[in-house]
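Here is a walk through one protein model. Keep the sequence and the 3D view side by side as you read.

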Amino acid sequence: MQLGEFEYLMLTAAARLGDDAYGAAIRQEIEVATGTGCSIGALYTTLDRLEHKGLIKTWMGDPTPERGGRPKRMVRVTAKGTEAASSFYNAVRRVSRGVAWAKP
């Protein structure tokens, strides 16, 4: 299964966060890693797409006082998601072999 760059970033952020993976935390991980913003719309649209592909599983967590009583949308990367992210990462490594990008 072919992943897009943003899908890969989301899977990687969710895997890094483990049991603490939910929408806002994934968004923050991506923003810190890339140095660019991540819209809420793009985040939740991509979460829906990844779940439809079977790469993640989501569920609503318990409501929390710090979120005004709203629940978090929790995320877990599936075995299929781990395989897809690993394949993407390995493809980037293979195609990058021997390339030294000069800093601008």
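**From a strand to a helix**

Start at R73, which is found in strand β2. The model is a predicted one. Is R73 buried or exposed? R73 counts as buried because its relative accessibility is 16%, and the cut-off for buried is under 20%.

Now look around R73. Its side chain joins that of T58 through a polar contact of 3.3 Å. T58 is also among the residues in contact with R73, once neighbours within four places in sequence are left aside. That list includes A21, Y22 and G23, as well as Y44, L47, D48 and E51. W59 and M60 are on it too.

K72 lies over the face of Y22, at 4.2 Å from the ring centre.

Next, turn to helix α1. Helix α1 covers residues 5–17, 13 residues in total. From first C-alpha to last, α1 reaches 18 Å, close to the 18 Å expected. G18 follows α1, and the phi of G18 is positive, near 60°.

Which residues of α1 are buried? They are E7, Y8, M10, L11, A13, A14 and L17. Their cover includes helices α2, α3 and α4, along with strands β1 and β2.

Stay with Y8. At 16% relative accessibility, Y8 counts as buried. The structure holds one aromatic pair. The ring centres of Y8 and F88 are 4.7 Å apart and their planes meet at 25°, so this pair is stacked. The pair links distant parts of the chain. Y8 sits in helix α1 and F88 in helix α4, 80 residues apart.

Methods:
Residues are numbered from 1 along each chain as its sequence is written. This is a predicted model: local features need pLDDT of at least 70, side-chain atom pairs count only at pLDDT 80 or more; totals for chains, interfaces and linings use all residues. Side-chain values use heavy atoms; hydrogens and water are left out. Helices (H or I, at least four residues) and strands (E, at least two) are DSSP runs, numbered from the N terminus. The expected span of a helix is 1.5 Å times one less than its number of residues. Buried means under 20% relative accessible area, exposed over 50%, partly exposed in between (1.4 Å probe, protein chains only). Contact means heavy atoms within 4.5 Å. Rings of Phe, Tyr and Trp (its six-membered ring) pair if their centres lie within 6.5 Å; planes under 30 degrees apart count as stacked, over 60 as edge-to-face and the rest as tilted. A charge sits over a ring if NZ of Lys or CZ of Arg is within 6 Å of the ring centre and within 35 degrees of the ring normal. A polar contact is a pair of N or O atoms within 3.5 Å; within protein, one must be able to donate a hydrogen and the other to accept it, and residues adjacent in sequence count only if both atoms are side-chain atoms.
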